[in-house]
Amino acid sequence: MIKANAQKRRKLSTVSSVTVGTPHKDGPPPPTRGRLRERYRFKEELLQLFNSITAHCYRQLAQKDRSLWERLFWLLMLILEAATLIAIIISAWGKFTANPLITTLHDTIYPIVLVPFPAISLCNNNRISRAAAVRYAGQLAGRDAERRNASYFLEQIALLGKLYDFDYENLHQMTRLQEFLDLNDVSNSTGMYNALETLEKLSPRCEDMLLRCFWKSIELPCMLRNDMIEVRRTQYGFCCTFNFIGHTEDNEIHPPSYFLDVTGPEMGLVLLLNGSSNDYFYNLFNNIGFNLQIFNPHEVPDSTAGGVNEQFVHLGTETFIRVDAITINSEPDVLRYSRQKRQCVFRNELLKYGANYGRSNCVAACRLRSVMALCECVPFYMPTAGATASSKSVTTCNLQHIACLSKYKIKWSTVITDIVQIPGLEKEMEESLYCPECLPSCSASKYQITASNLPLVRSRRDGFSVTAGIDNVADVAVVRIFFGQPETWMYKQNVAYYWFEIFSNFGGMFGIMAGMSLITLMEVVYFVGRQLVLVFATRSWSARALRSRMPNLELLQ
């Protein structure tokens, strides 16, 4: 009986051991779990990928009939190929990011009628009228408690010309004159001396300088308000300007720009100028005549910012100034890049410099901030001088500020937008005016001039003549400003590569160097996803199998 029970227990143990034991090594796995019970091998999966992938040379690594040396050779080739491909891609991407924009010639017959006629600023080389100085000297003599005559004050008035060029000389005499003006020439509006008002009434009048004005061969009044020419402040003081719609002196609404649809000397702007050589009192240059500035209508004329063409007009001559324009337009896609990358500013991007941004406007504002910080005053000729002159903290510069203005004169004449370390020029960089925001405009018209002049002779024509009725032509000058050709060139700034071009270029590199395509990418993605699924499924099956063993083990115990 005992023997029979022992045999029964051995059979039960044998059945239990078979039930909970691991599968036999030689026998097939139970069919209930399929391939999930097979051992997961990443090497076999990787070899299967190499055998089926569409890229070049990977199949040679997985073929079993190849020797070890052959496989090492193809592995080395793949490594060299990958290194070369990465180097080429890095180089191409570096060049793209360094120069993401490109400027190309877009149109060689761009109509000139679409380009605004340039702004013209006409300044007399004589900055103080002798007739106005004599009147002002008489007024000062009448207010002098020491009873000095008008001749004395006429000599002193010449010192006011230093407010134009900042020449620093005879400080004691300039200080005495300024103290006298502060007491005896008080402005009715501010109750203080105002150099802006004084120099405005001492400047030559545009009504006296301009005898006749023609536009498209049609004579028009020169100095009617809101008409052709108006008085504006420039770096040379009060000048006669035409077609200048940039910064306004009185915040009034100016008419749109003048456009010209015809070419030739007769069809542009023609001016007959009166030299008034006997009225010279303080001239900026050692000659008699006029200084003509040609610039963009939307920007203030500032020679240090570039974009200003200057031409001297001599008396007794007829000057022909041919204007050729170049237009640059930037596509809206360029706006996606930073200003430092594209190195330009769109018109409506920096509104603090006005409704239309201009580099000259920005430089003028940057210089104004520097002058106010260093000398605590504003020169009378700066565009915003009228707005700041009434401020309690800032005054219009007078003779007492000449020493400070002369000290930094060279600094304000040199403008930089980027600090570049050049050996030997460190001091010059420190003494320059640093204006990092003042980049060129992304869309603008640039003007180039070609000037020639001929002696002016008295006209014998019975019909139309600019100098009709003038016998002495030695004291007058004729200026003709016109477009030289009916078409111009238009350049366009655009991104060098759009996203699909970059995609195509990089795709070509991958295809040539490695034989890869989008199908190859999908194969790799599928391979990675498959491995994740297999690893997760294998671990899940192992955990379930372990949990299924636990009750049997407890039963055996």
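Helices here are DSSP runs of H or I with at least four residues, and strands are runs of E with at least two. Counted that way, the protein has 18 helices and 19 strands. The model is predicted.

**Overall picture**
- The protein has 557 residues, and 40% of them count as buried.
- Its exposed surface comes to about 31900 Å². Carbon and sulfur atoms supply 58% of that area.
- Take the contacts with a separation of 6 or more: 74% of them join residues 24 or more positions apart.

- T488 is part of strand β19, which covers residues 487-495.
- Its relative accessible area is 3%. T488 is buried because that value falls under the 20% cut-off.

**Aromatic pairs: W93 and F96**
- The whole structure holds 17 aromatic pairs.
- One of these joins W93 and F96, with 5.3 Å from centre to centre. Their planes stand at 45 degrees, and the pair is tilted.
- Both residues belong to helix α4, residues 68-98. They are 3 residues apart, so about one helical turn separates them.
- W93 is partly exposed, at 42% relative accessible area. F96 is buried, at 13%.

**Aromatic pairs: F242 and Y258**
- The ring centres of F242 and Y258 lie 4.8 Å apart. The planes meet at 35 degrees, so this pair is tilted.
- F242 is buried, with a relative accessible area of 1%. Y258 has 23% and is partly exposed.
- F242 and Y258 also belong to a cluster linked by ring pairs. F117, W215 and F483 are in the cluster too.

**A charge over a ring**
- R148 places its charged end over the ring of F180. The distance to the ring centre is 5.8 Å.

How values were computed:
Residues are numbered from 1 along each chain as its sequence is written. This is a predicted model: local features need pLDDT of at least 70, side-chain atom pairs count only at pLDDT 80 or more; totals for chains, interfaces and linings use all residues. Side-chain values use heavy atoms; hydrogens and water are left out. Buried means under 20% relative accessible area, exposed over 50%, partly exposed in between (1.4 Å probe, protein chains only). Contact means heavy atoms within 4.5 Å. Accessible areas come from the Shrake-Rupley method with a 1.4 Å probe; for residues, only the protein chains shown count as cover. Rings of Phe, Tyr and Trp (its six-membered ring) pair if their centres lie within 6.5 Å; planes under 30 degrees apart count as stacked, over 60 as edge-to-face and the rest as tilted. A charge sits over a ring if NZ of Lys or CZ of Arg is within 6 Å of the ring centre and within 35 degrees of the ring normal.
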